Amino acid sequence: MSSASIKQGVKANTEAHHLDHDGDILQEGERWATEEDMSTLRRVADKIPTAAYFVVLTEFCERFTYYGITGPFQNYISNGYQVPNSRPGAIDGGQQMATGLSNFFQFWCYLCPILGAIIADQWLGKYKTILLFSLVYILGNLVLTLTALPVSIRAGGALPGMIIAMITIGLGTGGIKANVSPMVAEQYSRFRPFVRKLKNGKEVLVDRELTIQSIFSWFYWAINVGGLSAIATTELEANVDFWAAYLLPTLMFVACIFVFWLGRSRYILSKPTGSIVVKAYRTGRAGLRNYRLAKKENRLVMNENGKKVSWIDYAKPSLATDSTSMDWDDRFVDELRTAIRSCKIFLCYPIFWLCYGQISNNLISQSGQMNTGGVPNDIMQNIDPLCIIILIPFFDLLIYPGFRRCGLELRPVTRITIGFLVAALAMAYAAIIQHLVYTTGPYYTHPGEGENGFNDISAGLQVPAYILIAIAEIFASVTGLEYAYKQAPESMKSIVMSIFLFTNAGGSILAFCFNSIAVNPHLVKNFAIVSGLMGAFTVLFFVCFRHYDQRDAEEIMDKTMFEKQTDQY
């Protein structure tokens with residue numbers, strides 16, 4: 001539908017609420033935007049609603065727990081318990097076991113969101129699903145904490161307890177992650193662009209797209225503030241014991257549930273819509289079947305532009321020769337096509353997550369081979385969230401608005417491409433540092449092995465790698481969350497978000513392939529290959545999807561309802 005046809009159906013003096021969303025009401029000093037306003041007024045983000053802050057605080061507490069328990073994982077698994085003149089540890093499984101279990105845990109945590117999305121969409125809704133999986137999460141935390149007690153470690157209970165806890169916590173994480181991201185954006189109920197008069201008399205155009213972008217930026221900011229918990233837990237690991245390091249995040253998660261429950265009366269809640277996954281599968285199967293039949297019988301359908309319609313369009317009851325078995329309508333097929341198209345952009349993300357995953361295993365091992373000045377080696381990974389906490393406000397308040405003032409807007413595909421490129425540079429830098437580690441004595445290519453200590457090279461050289469990864473996350477990870485929400489149809493928000501999160505699991509699967517070279521003296525190869533892959537997929541991504549920015553911008557304009565003339569305040 002074109003913007004012209006939309007405007008023809010809208011009266012010049014409309015009611016003060018959105019025709020499809022009753023909550024979209026004009027406030028004092030506001031008017032609906034005209035199409036001319038979009039090109040002449042400065043576009044700004046709206047204020048974030050209070051209910052969204054409750055969800056953001058919930059995510060902060062959950063991420064505090066997640067990063068708090070995973071921070072000590074590498075040492076907990078790889079090193080022995082209370083070994084003199086050694087890093088803290090418990091299981092004594094070595095670096096390969098530690099990296100392998102860490103990758104499994106990350107894979108499992110980002111596979112489970114699909115289950116959480118199905119339960120929320122079909123039966124419970126997002127709010128109740130988050131509460132249910134929070135209880136599962138707490139159970140896993142308790143298992144991890146109790147099996148990290150000295151008596152359990154000495155009795156050999158650390159490893160089985162770790163595996164049980166990983167599986168249970170992964171289930172809890174998945175149920176929460178699939179629903180908390182779309183739920184935070186759903187708290188913003190303004191859909192139609194409007195003009196607000198500022199106190200200085202100037203007018204600005206309040207844009208929903210920019211508001212959603214801002215919400216996800218601050219949502220990701222809260223994630224990384226929570227991520228700083230690893231500083232506390234790694235210190236507790238080094239100076240008290242692992243049980244204390246795991247007890248702190250467990251107690252924080254109790255606060256997480258309380259904060260989420262506290263905002264229950266403020267939330268905008270979407271109702272379950274039924275089995276979207278099963279319905280989508282049946283729709284896709286019908287589309288393929290009908291498309292093949294139409295092609296065989298030489299009766300392919302053309303759209304208004306003279307091009308062949310997509311295969312999924314043949315699932316529409318309006319195009320089917322027999323629609324009696326179809327319990328969906330044409331609109332659902334259009335929504336499914338939009339979801340499939342938006343998910344294509346996630347195909348290159350597993351390589352990005354492969355890069356990001358290095359900070360929780362191989363970069364920790366790298367810092368263990370360097371002089372940390374008495375600081376625990378696994379505390380180095382906290383440079384990443386610290387950088388994000390500093391940089392996100394800088395990007396949200398200065399960088400992105402600055403580009404818009406210059407008439408240049410960094411749309412999603414452009415931002416993701418920049419993020420991928422910066423991630424490749426981060427891995428290339430890590431490879432260079434690893435080469436320096438191996439060429440520095442006294443242990444050269446075998447530091448940290450057996451009774452060997454670290455090489456005489458400062459771990460401060462790692463800092464630029466963490467800064468680059470943080471910048472890459474702001475461009476690629478935040479934008480991925482935003483894109484997954486904005487491009488998904490209303491009935492498929494959770495499932496599309498879970499598919500985006502599943503790409504993180506794909507990164508963990510790829511990391512398993514690197515396990516054989518994630519040891520001395522092969523870590524230079526590890527970082528160099530990861531960098532090369534990310535660079536190659538950055539080019540592939542941009543070539544395949546560069547046209548999405550323009551197309552998405554045009555579709556947003558076509559769907560936006562404008563006034564035919566400017567209303568008075």
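Asparagine 298 is placed in the loop between helix 12 (276–296) and helix 13 (330–344), with helices (H or I, at least four residues) taken as DSSP runs and numbered from the N terminus. The phi angle of asparagine 298 is near 60 degrees, a positive value in a residue other than glycine. At 71% relative accessibility, asparagine 298 counts as exposed, a term that denotes over 50% relative accessible area, with buried meaning under 20% and partly exposed in between (1.4 Å probe, protein chains only).

The model is predicted, and local features need pLDDT of at least 70, side-chain atom pairs count only at pLDDT 80 or more, and totals for chains, interfaces and linings use all residues. Residues are numbered from 1 along each chain as its sequence is written, and side-chain values use heavy atoms, with hydrogens and water left out.

The loop between helix 17 (412–438) and helix 18 (463–487) contains proline 442. This proline is joined to glycine 441 by a cis peptide bond, for which omega is about 10 degrees. Tyrosine 444 is likewise found in the loop between helix 17 and helix 18. Although tyrosine 444 is not a glycine, its phi is positive, at about 50 degrees. The relative accessibility of tyrosine 444 is 45%, and the residue therefore counts as partly exposed.

A cis peptide bond also joins asparagine 520 and proline 521, with omega of about 5 degrees. Proline 521 lies in the loop between helix 19 (493–513) and helix 20 (523–545).

Definitions and conventions. Helix = DSSP H or I, 4+ residues; strand = E, 2+ residues; numbered from the N terminus.
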